[in-house]
Amino acid sequence: MLSARATRALREAGVYERILAKGRPTGGLMISAASDDVREARSIPLNSVFGCEEEYISIGRDALMEGLLEVLEDLRKERGNNVKVTVHYETSCNKFRFEEKVVVVRKGEKDETFAYDFLVGSDGAGSRVRKAMMKLDSKITVSDAELGMALKAFKVPFKAVQEHGLAVWPFASAKGETTAPCYFFFCADQLSSVALLPNNDSYSVALSIHPPMKWDDFETLKDERDFILKHYPRLGPMLVKYAEPLFRVKPYQIVSANTSQFNLDGHPVMLIGDAAHAMPPTYGQGLNASFQDVTLLNQLLVSNCHSSFEQVAEAFSTTRKPSIDAITALSWEAYQLWRSDRVAIALFLISALKRAVLSRFPAVVQRALWHEAYPSSLIYCSTIDYSLIKEIRDRTKLTDPLILLVLVAWLAWAMYRLF
């Protein structure tokens, strides 16, 4: 889902409407922690709760990529030779000769060599550009880890979703329009989860398996089918129908990989996106942070037009690194808390008490205090630097235990009065 950071970047690039046409505005989430019945899901209206001025866009990665490539093709048609961009499909960058400023690309059985002035690696969490940089410069390291989560993604037509009672639109967008919700279902034993994100003509579905389970545990198609039907009695038939063709397809492994620096010293080479900072998906900020990367890089290229590409790459790394370290830390913290039932219960109680207290204040005061009480909302609904949000979160680490202590004391007092 594209939240405020990505939508702001799309507006600044002038392609917001084109991408919105590929997805759907969404004003809320429907989350169920132990059931796949939408009637038991908790609704979270994003705009009214978080006070976001930006639209939230639900869109699958394939639809997003299709939209961006269409924008590029239209620019080439409109401006002709002024847009000197070539997209190579079904190719892989296998070798990097940084001293010669050369990339060797393989297409089929043939190798082709390309010279570059500025090399930007955006080739994902398993980045080959990053690995080549690390070979040349031992100072560059990466803190990487497999989260154990793996997913398979597929599309489901709206009609099929409607048949299972999910295609309801209870939320309004920032403009007051009726919007489609994003659904997140977690099975009771936390071994699996399902995310359904509406596009303009279908839902993109991500079926995830969580540790200690693995996709490899399904030795046969029947094993996979039985697991899905057991954990998702309502959605199971739909999921089985569209997931079965992917039985032999290797799942997408969710990993974390934060690089110590995003540039190669003395070379016009740098990393952006997951190649620089893959993170746990807890806050859904991987893609949103990547759009901010592009915005910052564009600003640096414009403001440093008389500087070398080496200087631009270094400025990007120096400017962006503290913010990325902050959101990576926040995402890891939330992921670890999510994996702990006891901590999750404690946080739920703290959150409930905060809501009860805030609800007694006028709306204007609630809005002013909300982000201090729930700093994670700033991750979604604002473009405030992640570093500042982490500072607020660090403050709540001191106040939350006190709130829990007050809650426990109040419950003890209530029990004492009752008995």
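This is a predicted model: local features need pLDDT of at least 70, side-chain atom pairs count only at pLDDT 80 or more; totals for chains, interfaces and linings use all residues.
Let us begin with the chain as a whole. The protein chain contains 15 helices and 16 strands. Of its 419 residues, 46% count as buried. Consider also the contacts in the chain with a separation of 6 or more: residues 24 or more positions apart account for 65% of them.

Which residues touch the most other members of the largest nonpolar core? They are Phe98, Leu119, Met133, Val269, Phe316 and Ile327, out of 38 residues in that core. Several elements give two or more residues to this core, including strand S6 (102-107), helix H5 (128-136), strand S16 (269-271) and helix H15 (386-418). Helix H10 (286-303) and helix H11 (309-338) are also among those elements. H11 gives the most, with eight residues. Where does this core lie in relation to the domains? Domain 1 (24-56 + 124-338) and domain 2 (341-417) both give residues to the core, so it lies between them.

Setting aside residues up to four places away in sequence, Phe316 touches Phe262, Met270, Leu271, Ile272, Asp293, Leu296, Leu297, Leu300 and Lys321. Another core lies apart from the largest one; this other core has 32 residues, among them Val194, Val205, Phe218 and Leu239.

Let us stay with H11 for one more residue. Glu314 is found in this helix. Glu314 and Val269 are 45 residues apart along the chain, yet 9.1 Å separates their C-alpha atoms.

The next topic is a pocket. Rolling a probe the size of a water molecule over the atoms shows where empty space is left. The second largest pocket has a volume of about 300 Å³. Its lining consists of 15 residues, and those nearest the centre are Gln292, Thr295, Leu296, Arg320 and Thr383. Helix H1 (4-13), H10 and H11 are the elements that give two or more residues to this lining. How many residues of each class form the lining? There are four nonpolar, six polar and five charged residues. Each of domain 1 (24-56 + 124-338) and domain 2 (341-417) supplies at least three residues to the lining of this pocket.

A word on H1 is in order here. The buried residues of H1 are Ala4, Arg5, Ala6, Thr7, Ala9 and Leu10. Just after this helix, Gly14 takes a positive phi of about 75°.

I now move to helix H8, which spans residues 236-243 and holds Val240. Is Val240 buried or exposed? Its relative accessible area is 9%, so Val240 is buried, as the limit for that class is under 20%. Leaving aside neighbours within four places in sequence, Val240 is in contact with Arg225, Ile228 and Leu229. The C-alpha atoms of Val240 and Leu221 are separated by 9.8 Å, and the two residues are 19 residues apart along the chain. Along with Val240, the buried residues of H8 are Gly236, Met238, Leu239 and Ala243. These buried residues pack against strand S9 (142-157), helix H6 (158-163), strand S13 (192-198), strand S14 (202-209) and helix H7 (221-231).

Finally, let us consider the backbone. Most residues other than glycine have a negative phi, and most peptide bonds are trans. Glu90 has a positive phi, near 55°, and its place is in the loop between helix H4 (61-79) and strand S5 (92-97). At 76% relative accessibility, Glu90 counts as exposed. Lys101, likewise not a glycine, has a positive phi of about 55°, and Lys101 lies in the loop between S5 and S6. With a relative accessible area of 34%, Lys101 is partly exposed. What is the peptide bond from Pro211 to Pro212, cis or trans? This bond is cis, with omega near 10°. Pro212 is placed in the loop between S14 and H7.

Thank you for your attention.

Technical notes:
Residues are numbered from 1 along each chain as its sequence is written. Side-chain values use heavy atoms; hydrogens and water are left out. A nonpolar core is a set of buried Ala, Val, Leu, Ile, Met, Phe, Trp, Tyr and Cys residues joined through side-chain atoms within 4.5 Å. Buried means under 20% relative accessible area, exposed over 50%, partly exposed in between (1.4 Å probe, protein chains only). Helices (H or I, at least four residues) and strands (E, at least two) are DSSP runs, numbered from the N terminus. Domain bounds come from an automatic or database domain assignment. Contact means heavy atoms within 4.5 Å. On a 1 Å grid over the protein atoms alone, a cavity is a set of points where a 1.4 Å probe fits but cannot get out, and a pocket is an open set with protein on both sides within 12 Å along at least five of seven lines; lining residues have an atom within 4 Å of a point. Grid points are joined across faces, edges and corners, and a volume is the space filled by probe spheres set on the points. Ala, Val, Leu, Ile, Met, Phe, Trp, Tyr, Cys and Pro count as nonpolar, Asp, Glu, Lys and Arg as charged, and the others, Gly among them, as polar.
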